[in-house]
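I opened this one to see how two chains sit against each other. Notes follow in the order I looked things up.

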Amino acid sequence: MQVILIIKQLDKNMSTYQEILQSLLEVVAENPNSNLDELLTKKALEYGLSEKEVEDISSANSLIEKFESKNQKLVDARKIGMTRESFLYEEINNLIDGKEDKEKEIILAAIKDASENIDGNIE
Amino acid sequence: MEFNELISKTATVIDTAARVKEVILSSELQEVGDAAGKDEVASISVNSEKANQLLESLVSSKSDTKLSKIVAAATKIADATGAMKLAKNTVFDIASMSDETVTRIKVAYQVANGEIDIEDAVDKLIDRAATRLITISEVVINKGLSMAVNTLSKVLVSAFPQTAPLIPIIKTTVAILQPKLKEIAQKGISAVAKHAKNVAHKVISWAKNKVPSFAKSIALKFA
């Protein structure tokens, strides 16, 4: 119910968000040989975003590539019979490898805490 | 407790959280999806033929990140200009929301086209959330760890995007697809949502056995 209420509040702005998304798609479609990041940066600046805000777009896009790469690693692991859980075990092990015990504890506790608090992230 | 045991428990917690989140999100998408077809926003599609062709190729592509990047840029611009203010708008939040949006649409497309079955589809979405958490952990930790557990946890939880802003973003992205493609995406999203909702109790039982500390609050949502 809360989600529906928020959507109703957002609906008045939806066309604007939609227009932004459409304009980005159109500029990318019209310039198939151009660098995507450069096109998005140019459009963001046209919308009046600051240099810092434009940097955030580049950082988000760099992270999206990392998501894809990590997901592909899991897809490949599944092909050789690994489960999701065993893949996660290896990844976490790599994550804390070489760290001092105190740091390991912080990392593991934070991951566990974040996972257990998805409910608080639902709204 | 040995670190090996702690790591094992942490892996289980992530797996469980990703399963539970998928059920919750799909449940919300189903409720909103039922009304989406009647929404005027859903009847507006991109006018440019070239943009439509681009969209179709991006939605049908399995691993291309271009559409996620475009959605991320649109989300950031919308937030910065006030078109759609987000309660959580860090780089991690925006990247995760965009990734989730586009993954969900692509998976829906594959389901509706018979390329993957419904169980594989739900699995793909769970995989994606779990690997996002690992990726964000790597990025944050590689920058140098100088934060307390609760501060780090607040960053990491962005791997599981908040439902409230995510649904309008998914809805709008689907809305701009040309009618035929939109119908396919909506059909797939609806199918995945129904399936995930059907297995909610199975997931809750899994959570109860694996991580009882947070299964109870999740179960209440489906009581």
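Predicted model: local features only at pLDDT ≥ 70, side-chain atom pairs only at ≥ 80, totals over all residues.

Started with a helix pair across the two chains: H3(A) and H4(B) cross with a right-handed sense.

From H3(A) I get Asp56(A), Ser59(A), Ala60(A), Leu63(A), Ile64(A) and Phe67(A). Facing them in H4(B) are Val91(B), Phe92(B), Ile94(B), Ala95(B), Ser98(B) and Asp99(B). Sorted by class, this contact between H3(A) and H4(B) holds eight nonpolar, two polar and two charged residues.

I zoomed out to the whole interface. On the chain B side 81 residues are in contact, and they touch 69 residues of chain A. Which elements of chain B supply two or more residues to that side? My list reads H1 (3–36), H2 (49–60), H3 (66–81), H4 (91–112), H5 (118–142), H6 (149–156), H7 (163–175) and H10 (212–221), each of them a helix of chain B. H1(B) gives the most, with 16 residues. The chain B side divides into 49 nonpolar, 20 polar and 12 charged residues.

Chain B by itself came next. Of its 223 residues, 57% are buried. I also looked at contacts in chain B with a separation of 6 or more: 75% of them join residues 24 or more positions apart.

The largest nonpolar core has 100 residues. Which residues have the most contacts inside it? I find Ala74(B), Leu133(B) and Ala185(B). H4(B), the helix I began with, gives the most to this core, with 12 residues.

Leaving out residues up to four places away in sequence, Leu133(B) touches Ile14(B), Leu156(B) and Ala159(B) in chain B, plus Ile111(A) and Ala114(A) in chain A.

Terms used: Residues numbered from 1 in each chain as written. Chains lettered and ligands numbered in written order. Buried ≥ 20, exposed ≤ 12 C-beta atoms within 10 Å, placed from the backbone. Contact = placed C-beta atoms within 7 Å. Helix = DSSP H or I, 4+ residues; strand = E, 2+ residues; numbered from the N terminus. Nonpolar A, V, L, I, M, F, W, Y, C, P; charged D, E, K, R; others polar. Left-handed = near helix turned anticlockwise from the far one by under 90°. Core = buried A, V, L, I, M, F, W, Y, C linked by C-beta atoms within 7 Å.
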